[in-house]
Amino acid sequence: MVNQSQLDRPLFAEPFLAWRAWNLVEAGSRLRSIVYEHVWEPGERVEAECARPRPEGVAPYHPAPDEDCQCGVYGSLDPDHLRSYVQEMRRDPRVLVAKLPIASGSRVFGLVSLWGTIVEYTKGYRAQFAYPAHLYLPCLMHEYADKLDVYGVPVTCVDEQHGFEALRAVMRAARREAA
Amino acid sequence: MEIGEPKRIVESDPLEDPVPREEPVESPPVEVPDGEPVPA
């Protein structure tokens with residue numbers, strides 16, 4: 001049911017594109033949200049649900065995203081805003097080895113399509129629905145590119161030799177694409 | 001993730017589904033012993 005407040009909102013016929021980071025899990029074949037550890041299944045849109053704690057069996061307090069909450073699927077306008085995720089990896093000695101260990105949750109960056117109800121921010125979005133649109137993988141993790149093909153979106157390898165440099169290369173490639 | 005300050009709420013109803021659908025896969029021809037291959 002469409003209510004009056006929805007009718008008053010600008011309506012777009014294209015998804016919004018934004019930047020995200022994911023952890024690679026399940027032997028590199030699945031993307032998982034970093035904060036809420038939600039696995040993004042191939043061929044299925046992700047629908048946001050408010051994660052505000054509630055008693056067992058009680059439905060979410062409101063549809064997500066709500067303008068007065070922090071819920072929704074997040075995306076950033078600028079890949080540079082994901083830099084903290086890279087820096088987080090830099091502090092983690094497990095990911096400083098040349099071969100990023102998948103078991104520790106190696107990071108993949110990429111574009112995400114966002115649609116449905118979207119709360120627009122100065123630097124990004126909170127959205128109702130999401131699906132990956134383009135994934136960037138350091139080439140030292142190239143063997144996982146085929147596994148990520150299950151999402152049906154382009155997977156681009158970025159050629160670098162060592163762990164953190166590889167991720168910096170991903171960011172540079174992402175900026176070129178956004179330009 | 002730092003996304004700044006809220007600006008407005010919009011609705012996006014894409015004309016094309018952003019979730020890719022699998023293309024139908026054509027079955028390979030079936031080999032018949034001592035004969036010509038025939039389509040599956």
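How many nonpolar, polar and charged residues does the lining of the largest pocket have? By class there are 15 nonpolar, four polar and four charged residues, where Ala, Val, Leu, Ile, Met, Phe, Trp, Tyr, Cys and Pro count as nonpolar, Asp, Glu, Lys and Arg as charged, and the others, Gly among them, as polar. The model is a predicted one, in which local features need pLDDT of at least 70 and side-chain atom pairs count only at pLDDT 80 or more, while totals for chains, interfaces and linings use all residues. Residues are numbered from 1 along each chain as its sequence is written, chains are lettered from A in the order in which they are written, and side-chain values use heavy atoms, with hydrogens and water left out.

Turning to the interface, the contact (heavy atoms within 4.5 Å) takes 39 residues from chain A and 20 residues from chain B. Together the two chains bury about 2600 Å², 63% of it on carbon and sulfur atoms; buried area is the accessible area (1.4 Å probe) lost when two parts are put together, summed over both. Trp115(A), Glu120(A) and Tyr121(A) supply 22% of the area that chain A buries against chain B, more than any other three residues.

Three salt bridges are counted between chain A and chain B, each a side-chain nitrogen of Lys or Arg within 4 Å of a carboxyl oxygen of Asp or Glu. One of them is formed by Glu120(A) with Lys7(B), the closest N and O atoms being 3.6 Å apart.
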